[in-house]
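Thank you all for coming. I would like to walk you through one chain this morning, starting with the whole and then moving to a few places within it, so please have the sequence and the model open.

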Amino acid sequence: EMSPEEIAFQERIDRGEKIEPKEWMPEGYRKTLIRQIGQHAHSEIVGQLPEGNWITRAPTLERKAILLAKVQDEAGHGLYLYCAAETLGVSRDELLEKLHNGSMKYSSIFNYPTLNWADIGAVGWLVDGAAIMNQVPLQRTSFGPYSRAMIRICKEESFHQRQGYDIMMKMARGTPEQKAMAQDALNRFWYPALMMFGPSDKDSVHSAQSMAWKIKINTNDELRQKFVDQTVPQAEYLGLTVPDQHLKWNEEKGGYDFSEPDWSEFYDVLAGNGPCNRERLGARVKAWEDGAWFRDGLVAHAEKAEARRAA
Ligand code: FAQ
């Protein structure tokens, strides 16, 4: 039942060609990309909040400068991604409106609190670690602007992950109290980090079509497995324990067996009931409203300049 255009489009995808904004694409392809890229952009912007919370309380000037640079990078990532979404015919204002009225999502992970400095280490290590695991394959995604944005973002993301691991090393080799803080941060962030990859494959509604279009390159479970396999040895190196009694190396599959996150908690967070959903969205809406005078000023200035040119 595919139309001739759809068949030709799928053939281009299968040949590994990149799709560019002005070219013909199925409406579903466009919609899926707007949803995923938009959600990804929102995650970068909302993702500034948990770490921004600790900029003023970083333990040293050096740590503060590093954290400031990282949080600033996230704003940049959000902007590349909004630009990539705009090439699909949606405006940034529309996307933000949908974030603010709750009709568009951002990553579940940012609805968890950062209670202390060890959490900043855990966020960099685990959250950025999970983000890279997902984003490296997305460098090969079929939509040109998204793929190019991912290439730039991945370079910065690996610095982010290392700064987090560096904090964890310092804490894990510090006093017994510091090591206990590092363990506690790992305990609280482990399962929320596993949830970042999305529901298990059997419950992932979009995976099959997104993979046929090469918007997604891997399934959610494939990437979650790779993340566990990469992260467990890193935890061991720190002398910390992954909070999973069932974690076990499986020689046959060449990877770890591990416990699934609590999916009812995941869906609860998606529904807006996580520990920080209201606070995070509230902060974004307030920033938008507080910035209204500035956007109005920019538009008024542009209109005056335009009128002067016309005169
Ligand atoms: N949170 O059918 P699927 C970062 C939703 S990294 C919230 O499997 P899909 C960097 C999903 O949207 C984080 N919602 O969906 C950083 C769908 O609902 P919908 C951002 C989730 O799209 C680090 C429903 O569940 N990265 O920001 C989540 O095929 C540190 C069914 O799921 C990206 O966005 C979740 N965890 O696969 C910044 C990567 N998982 O839309 C600051 C790009 C699923 O129908 C500090 N995105 N849902 O209402 C993707 O790769 C995909 O969209 C997945 C989900 C893998 C997230």
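This is a predicted model: local features need pLDDT of at least 70, side-chain atom pairs count only at pLDDT 80 or more; totals for chains, interfaces and linings use all residues.

Of the 311 residues in the chain, 47% are buried, where buried means under 20% relative accessible area, exposed means over 50% and partly exposed lies in between, with a 1.4 Å probe and protein chains only. Residues are numbered from 1 along each chain as its sequence is written, and side-chain values use heavy atoms, with hydrogens and water left out.

The secondary structure comes to 13 helices and 2 strands, both being DSSP runs numbered from the N terminus, with helices (H or I) of at least four residues and strands (E) of at least two. The radius of gyration is 21 Å, close to the 19 Å that the globule rule gives for 311 residues, so the chain is as compact as a globular protein of that length; the radius is taken over C-alpha atoms, and the rule is 2.2 Å times the number of residues to the power 0.38. Among contacts with a separation of 6 or more, 77% are accounted for by residues 24 or more positions apart, a contact being heavy atoms within 4.5 Å.

Let me turn to a pair of helices. Helix α12 (residues 277-290) and helix α13 (residues 292-310) pack at an angle of about 40 degrees, with their axes 4 Å apart; axes here are lines fitted to C-alpha atoms, for helices over the stretch in contact, and angles run from 0 to 180 degrees between N-to-C directions. That makes α12 oblique to α13, since angles under 35 degrees count as roughly parallel, over 145 as roughly antiparallel, 65 to 115 as roughly perpendicular and the rest as oblique. Trp 288, Glu 289 and Asp 290 of α12 meet Ala 292, Trp 293 and Arg 295 of α13 in this contact.

Which residues does His 100 touch, not counting residues up to four places away in sequence? They are Leu 281, Arg 284, Val 285 and Trp 288. His 100 itself lies in helix α5 (residues 92-100) and, at 17% relative accessibility, counts as buried.

Finally, Gly 76, in helix α4 (residues 61-86), is partly exposed, with a relative accessible area of 23%.
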